[in-house]
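Please look at the sequence and the 3D structure shown below. The text after them goes from the whole chain to its parts.

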Amino acid sequence: MAASHGGVLATLDSSKTQWYHYKAVIISGMGFFTDAYDLFCISLITKLLGRIYYHVPGSSKPGVLPPATAAAINGVALCGTLLGQLFFGLLGDRLGRKKVYGITLFLMALSSIASGLSFGSSPKAVMTTLCFFRFWLGFGIGGDYPLSATIMAEYANKKTRGSFIAAVFAMQGFGILAGGIVGMGVSAIFRSFYHAPPYSVDAVGSTPPEADYVWRIILMLGALPAVLSYYWRMKLPETARYTALVANNAEKARKDMEKVMQVEITIQETKTNKTKFGLFSKEFLRRHGLHLIGTASTWFFVDVAYYSQNLFQKEIFSAVGWLPPAKTMSALDELFKISFAQFLIAFCGTVPGYWVTVLLIDRIGRFIIQIMGFFFMTVFMLALAIPYHHWTLNKAGFLIMYGLTFFFANFGPNSTTFIVPAEIFPARLRSTCHGISAAAGKAGAIVGAFGFLYAAQNQDQSKTDAGYPAGIGIRNSLFILSGINVLGLMCTFLVPEAKGRSLEEMSRDDEEEQEDEPNSVESV
């Protein structure tokens, strides 16, 4: 029987930018807004948790989370995200994008509220329940990566597809900004009602009992954007490409697109697409094996470098006077200043990089942006590492170099590694392959955030952070990270350019399938 999806897909590729495109960006982007808020707001409250639950009577410094506890609280959401990317990526291809899309948002909202209600009779019990709920929060966040990227790619036309997918991802920047604003706002409100002296003046009084509500409110507010956008997400129709190419219902795809695009679509009779190869087949390996290696490896390498940059924040914040010594502040003062510093970093370095990508990706292409991003990340990390002792004296220069590294990460591989996997794989494997690539990235994030947290410790044991063993130092870590950026640059050559080309052209869905061996796997 002839497949009759030609007119639907041709209309999608050639359609002008309409309101439904922007609506899809906002609805999908709110998921990423929530993702970023939930993942990054935990870094705002870890010092507050240390003061509340790990205060040591008589100590000259405020309490801090033990290294293992801090790693668990920060890392468990990343582990959940990795598994969620794999699970929901597969589910999105098996059940459909829309059926799974609402589940991820519901899980994020529920887990955000539950995180704020973490309970226990001891500090260890509270931290354990917090980790449990943040794992499931990460699991839901993980599902949003392959589903949002795939949905936006399948809705968009081929001329502006890159910009729309990039705009969804760029909502992360606003989520990080919102985290800083909420942290400042909540701490300021509580500070106005519950005045507290610095730790050096009154160790116990510097952390008022009401501070225990502060971190809970910040975490629970992460559910708000998810709840507000849930209805609109469920109103989105299934993507026409999934309905036509995977569910093989071109008539329903036509009706859905006529409603949202407000145009009449004529179905064309086209040759039946007989390609049924699975993820583990020789045919997939022949067509897309190197592509999957390329998307997974580049995402892994950029996330190692990107998440390791948090190692420098403490030094930068202290150097430029944004974060005075902890003992000179109360718990709420410290939260306010940390939130303000994170807001400034996001506003000056993170957000501009995202939106420059949105503006330029369909003009200069994914490949050039990714190569350029890896190149300049390498340059700026080497520029920080080689004369590292010079930068310890030139704090303003260090801040500028740090900001530029962040800028070219976001106007570079941090954005493009999210976009490309949604464009180059077949429709029936698109969400799965994006999930695999994203999971490789989160594995890199875990290495960057925690492997280098230990590696970057001072080589002198007496100068390491409390509870950490001696490491190789920040300077040597920067040299290693520069090498990782070079590896990412090299792996970029495994990934094809998708600018101006249709999803079907990139996935080669119309190409005849070569016969596999009898024992090849037919499906995922």
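The model is predicted, not determined by experiment. How many helices and strands does the protein have? There are 21 helices and 0 strands. The protein has 524 residues, and 58% of them count as buried. Contacts can also be sorted by how far apart the partners are in sequence. Among the contacts in the protein with a separation of 6 or more, 84% are between residues 24 or more positions apart.

Two pairs of helices show how such elements pack. Take helix α15, residues 366–385, and helix α20, residues 473–491. The axes of these two helices are 9 Å apart, and the angle between them is about 165°. Angles over 145 degrees count as roughly antiparallel, so α15 is roughly antiparallel to α20. The crossing in which α15 passes α20 is left-handed. On the α15 side, the residues that meet α20 include I371, F374, F375, M377 and T378. On the α20 side, the residues that meet α15 include L478, F479, L481, S482 and G488.

Is G488 buried or exposed? G488 counts as buried because its relative accessibility is 0%, and buried means under 20%. Not counting residues up to four places away in sequence, G488 touches T298, F301 and F374. F374 belongs to the α15 residues that meet α20. G488 and W299 are 189 residues apart along the chain, yet their C-alpha atoms are separated by 8.0 Å.

The second pair is helix α6, residues 123–155, and helix α19, residues 430–455. These helices pack with their axes 8 Å apart, at an angle of about 135°. What does that angle make α6 relative to α19? It makes α6 oblique to α19. The crossing of α6 and α19 is right-handed. The α6 residues that meet α19 are Y145, P146, L147, A149, T150 and E154. Their partners in α19 are R430, S431, H434, G435, A438 and K442.

Two of these residues come up again around T81. T81 is found in helix α4, which covers residues 67–95. T81 has a relative accessible area of 0%, so this residue is buried. Leaving out residues up to four places away in sequence, T81 touches L39, G138, F139, I141, G142, Y145 and K442. Y145 and K442 are also found in the contact between α6 and α19.

The next topic is aromatic rings. A pair of aromatic rings is described by the distance of the centres and the angle of the planes. Rings pair if their centres lie within 6.5 Å, and by this rule the count comes to 34 aromatic pairs. The rings of F132 and F133 have their centres 5.4 Å apart and their planes at 70°, so this pair is edge-to-face. F132 is found in helix α6. F132 has a relative accessible area of 49%, so F132 counts as partly exposed. The C-alpha atoms of F132 and I73 are separated by 9.2 Å, while the two residues are 59 residues apart along the chain.

Ring pairs can also link up. F32, Y145, F169, W299, Y354 and F418 are joined by ring pairs into a cluster. Y145 is one of the residues that T81 touches, and W299 is the residue whose C-alpha atom is 8.0 Å from that of G488.

The charged end of R191 sits over the ring of F336, at 4.6 Å from its centre. R233 lies over the face of Y101, and here the distance from the ring centre is 3.6 Å.

Two residues in loops complete the walk. Y199 is found in the loop between α7 (161–193) and α8 (211–220). With a relative accessible area of 4%, Y199 is buried. Not counting residues up to four places away in sequence, the residues that Y199 touches include R51, H55, K61, P62, A326 and S330. The C-alpha atoms of Y199 and S330 are separated by 5.6 Å, although the two are 131 residues apart along the chain.

N248 lies in the loop between α10 (240–246) and α11 (250–261). N248 has a relative accessibility of 54%, so N248 counts as exposed. The phi of N248 is near 55°, a positive value in a residue other than glycine.

Technical notes. Residues are numbered from 1 along each chain as its sequence is written. This is a predicted model: local features need pLDDT of at least 70, side-chain atom pairs count only at pLDDT 80 or more; totals for chains, interfaces and linings use all residues. Side-chain values use heavy atoms; hydrogens and water are left out. Rings of Phe, Tyr and Trp (its six-membered ring) pair if their centres lie within 6.5 Å; planes under 30 degrees apart count as stacked, over 60 as edge-to-face and the rest as tilted. Buried means under 20% relative accessible area, exposed over 50%, partly exposed in between (1.4 Å probe, protein chains only). A charge sits over a ring if NZ of Lys or CZ of Arg is within 6 Å of the ring centre and within 35 degrees of the ring normal. Axes are lines fitted to C-alpha atoms, for helices over the stretch in contact, and angles run from 0 to 180 degrees between N-to-C directions. Helices (H or I, at least four residues) and strands (E, at least two) are DSSP runs, numbered from the N terminus. Angles under 35 degrees count as roughly parallel, over 145 as roughly antiparallel, 65 to 115 as roughly perpendicular and the rest as oblique. A crossing is left-handed if the near helix is turned anticlockwise from the far one by less than a right angle, and right-handed if clockwise. Contact means heavy atoms within 4.5 Å.
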